[in-house]
Amino acid sequence: MDAYLEEELIDLLTFCLQNPTSSYIDSKKQRVQEIGHELFSDGGVDTMENMYFVIEHRIKEEIQKDPRSYRSWWNGISDEWKY
């Protein structure tokens, strides 16, 4: 499941980085938040951190853009996650 979620997150965040004014951003954000909840349910904040670390570096390598600004989309899932 993690590999599937990783690929989906990469696709979602890549789209958002490449199309920041798209009318689809809200729906992409909602799905990113759902994935964050799934990850937290499976393994807590550590799982969220590990996943974001991997996707952040892959996106940086693939499209030379930094997805760290989207980490805040997972704020509120846990008190420990504050970006």
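Over the ring of which residue does the charged end of Lys28 sit? The charged end of Lys28 sits over the ring of Phe15, 4.7 Å from the ring centre.

The model is predicted: local features need pLDDT of at least 70, side-chain atom pairs count only at pLDDT 80 or more, and totals for chains, interfaces and linings use all residues. Residues are numbered from 1 along each chain as its sequence is written, and side-chain values use heavy atoms, with hydrogens and water left out.

**View 1. Charges over rings at Phe15 and Tyr83.** A charge sits over a ring if NZ of Lys or CZ of Arg is within 6 Å of the ring centre and within 35 degrees of the ring normal. Lys28 is placed in this way over Phe15. Arg71 has its charged end over the ring of Tyr83, 3.9 Å from the centre.

**View 2. The aromatic cluster of Tyr52, Trp74, Trp81 and Tyr83.** Ring pairs link these four residues. The structure holds 6 aromatic pairs (rings of Phe, Tyr and Trp, the last by its six-membered ring, with centres within 6.5 Å; planes under 30 degrees apart count as stacked, over 60 as edge-to-face and the rest as tilted).

**View 3. The largest nonpolar core, with 23 residues.** Such a core is a set of buried Ala, Val, Leu, Ile, Met, Phe, Trp, Tyr and Cys residues joined through side-chain atoms within 4.5 Å. Buried means under 20% relative accessible area, exposed over 50% and partly exposed in between (1.4 Å probe, protein chains only). Leu9, Leu13, Leu39 and Trp74 have the most contacts inside the core. Two or more residues come from each of α1 (2-18) and α2 (25-63), and α2 gives the largest share, 11 residues. Helices are DSSP runs (H or I, at least four residues), numbered from the N terminus. Not counting residues up to four places away in sequence, Trp74 touches (heavy atoms within 4.5 Å) residues including Leu9, Val32, Leu39 and Met48.

**View 4. The salt bridge between Arg58 and Glu7.** A salt bridge is a side-chain nitrogen of Lys or Arg within 4 Å of a carboxyl oxygen of Asp or Glu; the structure holds 11. The closest N and O atoms of Arg58 and Glu7 are 2.6 Å apart. Arg58 lies in α2 and Glu7 in α1, so the pair ties together parts 51 residues apart in sequence. Arg58 is partly exposed at 24% relative accessibility, and Glu7 is partly exposed at 36%.

**View 5. The salt bridge between Arg68 and Asp66.** Their closest N and O atoms are 2.5 Å apart. Salt bridges that share partners join Glu49, Glu56, Lys60, Asp66, Arg68 and Arg71 into one network.
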